[in-house]
Amino acid sequence: MTTRDGSFGQASTGDFDRVLVVDLGAQYAQLIARRVREAHVLSEIVPRDVTAAEITARRPSGLILSGGPASVYADDAYEIDPDIFDLDVPLLGICYGHQLLAHRLGGRVAQTGSAEYGKTELTVSDGSGLFAELPDTQDVWMSHGDAVVEAPPGFRVVAATPGSPVAAMENRDSRRYGVQFHPEVAHTPRGTEIIKRFLFDVCQLRPNWTHHSIIEQSVEAIRSQVGSEKVMCGLSGGVDSSVAAALVHHAVGDQLTCVFIDHGLLRAGEAEQVEETFRRTFRINLVHVNARDRFLAALAGITDPESKRKIIGETFIRVFEEVAADLTDTNFLVQGTLYPDIIESGTKDAARIKSHHNVGGLPDDMLFELVEPLRDLFKDEVRAIGSELGLPEEIVWRQPFPGPGLAVRIIGEVTRERLELLAAADTIVLEEVRRADLYRELWQSFAVLPAVKTVGVQGDGRTYAYPLIVRAVTSDDAMTADWARLPYEVLERISSRVINEVAGINRVAYDVSSKPPATIEWE
């Protein structure tokens with residue numbers, strides 16, 4: 001089980017070896033955690049103000065200090081509890097973490113006058129533990145101004161580059177290691193092997209973070225949390241809530257009742273599809289609530305995206321509470337919250353990017369205790385678990401859809417007319433993406449309707465109608481994303497069909513921005 005601030009508790013992850021990644025403000029902290037998990041080792045990200053006592057309480061088998069944006073000599077340099085360096089736990093510093101390790105243990109960090117950014121050739125010394133069986137020279141990805149120019153006492157320099165005389169260092173006795181480059185990025189071709197050397201040779205970890213073991217631990221945690229009480233699941237039909245429902249049903253069976261709230265913000269035909277799948281195919285107890293008018297009334301006149309999310313989140317909870325009043329002993333609410341949701345909604349680890357309706361949008365006075373079996377997981381892990389549980393491919397590989405639905409894809413006030421226009425246009429976008437056999441290649445593909453109107457000409461007359469924005473991105477986990485280079489003929493078919501088939505839209509544009517600086521959704 002996890003706490004509301006996004007930190008990880010022991011209930012769901014207590015039996016796994018784990019590595020803690022101390023986030024020192026790096027853009028790649030999430031990527032470090034993912035690389036560790038890809039090696040089948042549990043990783044958890046902790047904030048830079050974590051104390052040595054808090055780390056000890058989590059019983060990690062390894063620590064990684066991430067990179068960061070600052071110099072160790074800056075007035076606002078990120079610091080960590082100095083007692084962390086004295087813990088009897090293997091430690092790897094990366095980039096800023098490498099410099100901080102050297103600086104705090106008596107080495108010297110300085111500006112060499114030769115900053116390194118991008119691909120750099122690394123020369124490795126003989127006998128290095130982290131580079132065992134790897135080439136003596138290899139390409140690595142650098143991104144730094146300062147550099148370690150003198151290793152701390154007891155450390156051996158094991159690699160160098162023209163701009164980093166101490167590009168890697170190690171003290172095998174104290175199990176302290178540092179690398180100036182970024183082994184977690186794809187631009188360091190042998191980086192994954194270096195991380196595995198630390199995990200398995202230095203930390204002596206077991207690769208036991210597997211899909212089967214995650215399911216076993218989650219089932220045990222769910223049963224421990226809910227006991228014999230009834231449980232409700234907020235079901236949207238998306239992969240996250242579907243896998244959460246399947247996992248909880250696997251744990252407690254008929255104690256689970258799924259509640260599907262049709263808020264009127266879904267894609268065309270989606271409500272019917274959800275009911276067919278879960279009531280008839282999976283035979284899960286399902287309550288279908290039609291609350292379309294209620295949500296539309298609550299959103300009337302609202303244009304601020306944060307307000308939309310909070311209104312939708314609170315309305316969801318209030319409807320759940322009303323349903324729960326008719327269900328005996330229901331004090332638990334299952335949600336398909338993922339780790340990226342926690343990060344983007346803002347925790348002590350990360351500033352808020354946007355509130356997810358199931359995290360930052362939840363009311364403080366709700367009556368339920370949350371059951372969030374996927375809260376520790378990234379999307380690709382959730383898909384794998386869904387497959388392991390036997391969910392059909394069309395659910396497991398469904399593209400992500402925001403909980404607030406089309407409300408955050410209408411830029412401006414949500415009205416019935418705009419919902420109908422957007423749903424019709426979005427259907428065309430998905431049909432053409434599938435026709436081009438691109439659906440599985442894209443992380444998301446969808447339409448956005450700005451609440452403005454533009455001039456057009458159709459037939460012999462002038463039109464004044466809405467524009468439509470088409471958005472398609474590629475990504476591994478939604479933490480970063482690149483705009484998809486859709487073929488021109490696909491874009492042409494989408495544009496032609498939307499303008500000809502959806503009365504009220506007279507212009508189609510394509511979004512070519514990546515995340516960052518943009519986000520995937522527009523609101």
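Author: Pro-517 is found in the segment after β20. Strand β20 covers 505–510, and Pro-516 also lies in the segment after it. Helices (H or I, at least four residues) and strands (E, at least two) are DSSP runs, numbered from the N terminus.

First, the ground rules. This is a predicted model, where local features need pLDDT of at least 70, side-chain atom pairs count only at pLDDT 80 or more, and totals for chains, interfaces and linings use all residues. Residues are numbered from 1 along each chain as its sequence is written, and side-chain values use heavy atoms, with hydrogens and water left out.

Back to the prolines. Lys-515 and Pro-516 are joined by a cis peptide bond, with omega about -15°. Another cis bond links Pro-516 and Pro-517, and here omega is about 10°. Most peptide bonds are trans, and most residues other than glycine have a negative phi.

His-40 has a positive phi, near 65°, and is not a glycine. It sits in the loop between α1 (29–38) and β2 (42–47). His-40 is partly exposed, at 39% relative accessible area. Arg-59 is not a glycine either, yet its phi is positive, about 55°. Its place is the loop between α2 (52–58) and β3. Arg-59 counts as exposed, at 54% relative accessibility. The cut-offs are these: buried is under 20% relative accessible area, exposed is over 50%, and partly exposed is in between (1.4 Å probe, protein chains only).

Now a buried residue. Ile-84 lies in the loop between β3 (62–65) and β4 (91–94). Its relative accessible area is 0%, so Ile-84 is buried. Contact means heavy atoms within 4.5 Å. Leaving aside neighbours within four places in sequence, Ile-84 is in contact with Val-50, Ala-52, Ile-55, Leu-63, Leu-91 and Arg-176. Ile-499 is 415 residues from Ile-84 in sequence, and 61 Å from it in space, C-alpha to C-alpha.

Last, the whole. The protein chain has 14 helices and 20 strands. Of its 523 residues, 58% are buried. Among contacts with a separation of 6 or more, 75% come from residues 24 or more positions apart. The C-alpha atoms fill a box of roughly 75 × 65 × 40 Å, taken along the principal axes.
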